[in-house]
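The exercises below concern one protein structure. Work through each task before reading its solution.

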Amino acid sequence: EHRVYLPMVGLFIFVSEFDFFKKNQKKDSRLTLVPYLILAIFILITFMRMPNFSNKLDYWKSAIKASEYSSLSCLNLGKTYEELGEYENAIAAYREGLKRNPNERLLYNNIGGALIYMRRNDEAEVEIKKEIELHPDNSYAYYNLGLIKKLKGKTEEAFPFWNKALEYNKNFINAYQQLADYYKEKKDTVNFTRCMEEIKKRDK
């Protein structure tokens with residue numbers, strides 16, 4: 001909203017040149033102050049709202065309060081908490097999003113992702129499978145399922161999930177990297193080289 005203030009000044013100057021405004025201005029000189037009073041009010045409102053924009057965390061907390069039905073705000077708040085390493089808070093934000101919209105894309109997946117960071121892989125798998133039930137084309141969910149299998153030492157079971165992720169997202173570099181690691185371990189030079197070439201094409 002602060003971007004409109006400078007154009008508003010120009011608009012006020014433009015309007016003040018109209019004959020109607022000039023005539024009324026002569027009758028009542030206080031009319032001259034009206035545009036500047038309006039501008040001052042808008043500036044004051046901006047300063048009052050500045051704390052909400054001081055950082056991403058405060059911004060999304062404010063957004064959740066301002067829009068009580070927005071599940072997307074909860075998703076973004078959860079991501080912000082994850083960036084800060086506050087995984088419990090991230091999960092709480094995602095769950096709040098599910099209360100607002102049980103079908104919101106990525107919420108179950110991101111709960112699973114946070115649980116992976118907390119090494120609670122069994123719980124993570126349950127949540128991510130819920131994501132796939134709702135959104136069977138979510139490449140991130142398949143990738144994360146593969147990651148869980150790998151962390152459990154079941155690399156052979158992880159392999160199909162990374163391939164599945166690439167079916168829905170041909171540019172998923174992390175999935176190619178996991179497959180490259182898998183083929184390297186298997187000493188499959190041909191497929192390892194293929195995956196590395198795919199990564200190079202996209203990693204620009």
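**Exercise 1. Cysteines**

Is Cys74 buried or exposed?

Solution. The structure is a predicted model, in which local features need pLDDT of at least 70, side-chain atom pairs count only at pLDDT 80 or more, and totals for chains, interfaces and linings use all residues. Residues are numbered from 1 along each chain as its sequence is written, and side-chain values use heavy atoms, with hydrogens and water left out.

Step 1. Apply the accessibility classes: buried means under 20% relative accessible area, exposed over 50%, and partly exposed in between (1.4 Å probe, protein chains only).
Step 2. Cys74 has a relative accessible area of 0%, so Cys74 is buried. Cys195 is likewise buried, because its relative accessible area is 0%.
Step 3. Search the whole structure for disulfides (a pair of cysteine sulfur atoms within 2.5 Å). The search returns zero.

**Exercise 2. A salt bridge inside one helix**

Find the partner of Glu96 and state how the two residues are placed in their helix.

Solution.
Step 1. A salt bridge requires a side-chain nitrogen of Lys or Arg within 4 Å of a carboxyl oxygen of Asp or Glu. The whole structure holds 16 of them.
Step 2. For Glu96 the partner is Arg100, with 3.0 Å between the closest N and O atoms.
Step 3. Helices (H or I, at least four residues) are DSSP runs numbered from the N terminus. Glu96 and Arg100 lie four residues apart in helix α6 (residues 87–100), so about one helical turn separates them.
Step 4. Glu96 has 27% relative accessibility and therefore counts as partly exposed.

**Exercise 3. Lys149 and its partners**

Which residues are joined with Lys149 into one salt-bridge network?

Solution.
Step 1. Lys149 pairs with Glu125, the closest N and O atoms being 3.2 Å apart. This pair links distant parts of the chain, since Lys149 is in helix α9 (residues 139–151) and Glu125 in helix α8 (residues 121–134), 24 residues apart.
Step 2. Lys149 also meets Glu157 in a salt bridge, at 3.5 Å from N to O.
Step 3. Salt bridges with shared partners join Lys149 to Asp122, Glu125, Lys129, Lys152 and Glu157 in one network.
Step 4. Compare accessibility. Lys149 counts as buried because its relative accessibility is 12%, whereas Glu157, at 40%, counts as partly exposed. Glu125 is buried, as is Lys149.

**Exercise 4. Packing of α9 and α10**

How are the axes of α9 and α10 arranged?

Solution.
Step 1. Axes are lines fitted to C-alpha atoms, for helices over the stretch in contact, and angles run from 0 to 180 degrees between N-to-C directions. The axes of α9 and helix α10 (residues 155–168) come within 8 Å and cross at roughly 165 degrees.
Step 2. That angle makes α9 roughly antiparallel to α10, a class that covers angles over 145 degrees.
Step 3. List contacts (heavy atoms within 4.5 Å). Contributors from α9 include Tyr142, Tyr143 and Lys149, and those from α10 include Glu157, Phe161 and Trp162.

**Exercise 5. Two asparagines**

Locate Asn103 and Asn109, and classify the accessibility of each.

Solution.
Step 1. Asn103 lies in the loop between α6 and α7 (107–117). Asn103 is partly exposed, with a relative accessible area of 48%.
Step 2. Leaving out residues up to four places away in sequence, Asn103 touches Leu134 and His135.
Step 3. Asn109 belongs to helix α7 and is buried, at 4% relative accessible area.
Step 4. Beyond four places in sequence, the contacts of Asn109 include Ile128, Glu131 and Tyr140.

Terms used
Parallel < 35°, antiparallel > 145°, perpendicular 65-115°, else oblique.
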